[in-house]
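Hi everyone, thanks for coming. I'd like to walk you through a few spots in one structure, so please have a look at the screen.

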Amino acid sequence: LGCVWAALRSPPPPDLYDDADGVIGLKTALVMLAQLKPTHATPAGATVRGPLGDALRGALDAPAAAATGGGGESAGGLVLRELLVGLSTWMPSWLIGEAAAACWELHRHHGAHFARWLREAMAADGVPRRGLSADQKAAFCEQLVGAANRTAFKAALKHVSGGKKKGSAGSPAR
């Protein structure tokens, strides 16, 4: 969990998107975040991943360490806070799909826990960006938690992050 938080933390190195390893590292962190599932759909998967998933959810529910800047929130809240701030500021628009996939998996597999982590993340000042009222933040939380499918979730996440246009914030030249 620490390596996921470290990869999502802002600000990133200025040359992050000039280096393939930097982009791969960021995408890997999002894939790892999506893998924090309590069980797997098959009986064998449930046997193997069930205890692991429960331990990972326990790690997300644990209080964030003072060294990571946690302000009384859980580690799950801290990770979502960093992701939301990153999507609103320094992350490129072409990363919204991977971020939405990772968050959708957390939402799908952790339900009420995800909702709590999201509320914790949004409670921090300046999350996802400065100038949002408590009512706006609550509405964003409702949109994300109430999303019926991954497409709706991605659209809500894009709205929460300020609706970045393609080609913004460090998009690599094509």
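Let's start with G111: is it buried, exposed or partly exposed? With a relative accessible area of 33%, G111 is partly exposed, because that value falls between the 20% cut-off for buried and the 50% cut-off for exposed. Please keep in mind that this is a predicted model.

G111 sits in helix α5, which covers residues 96-123. Now look across to V145. In sequence, G111 and V145 are 34 residues apart, and in space their C-alpha atoms are 8.2 Å apart.

For edge-to-face, the angle would have to be over 60 degrees. F114 belongs to helix α5 and F153 to helix α7, residues 150-160, so this pair ties together parts that are 39 residues apart in sequence. Both F114 and F153 are buried. W104 joins in as well: ring pairs link W104, F114 and F153 into a cluster.

Last stop, helix α4, residues 75-88. As for how covered α4 is, 14 of its 14 residues are buried.

That's my tour, and I'm happy to take questions.

Key. Residues are numbered from 1 along each chain as its sequence is written. This is a predicted model: local features need pLDDT of at least 70, side-chain atom pairs count only at pLDDT 80 or more; totals for chains, interfaces and linings use all residues. Side-chain values use heavy atoms; hydrogens and water are left out. Helices (H or I, at least four residues) and strands (E, at least two) are DSSP runs, numbered from the N terminus. The expected span of a helix is 1.5 Å times one less than its number of residues. Buried means under 20% relative accessible area, exposed over 50%, partly exposed in between (1.4 Å probe, protein chains only). Rings of Phe, Tyr and Trp (its six-membered ring) pair if their centres lie within 6.5 Å; planes under 30 degrees apart count as stacked, over 60 as edge-to-face and the rest as tilted.
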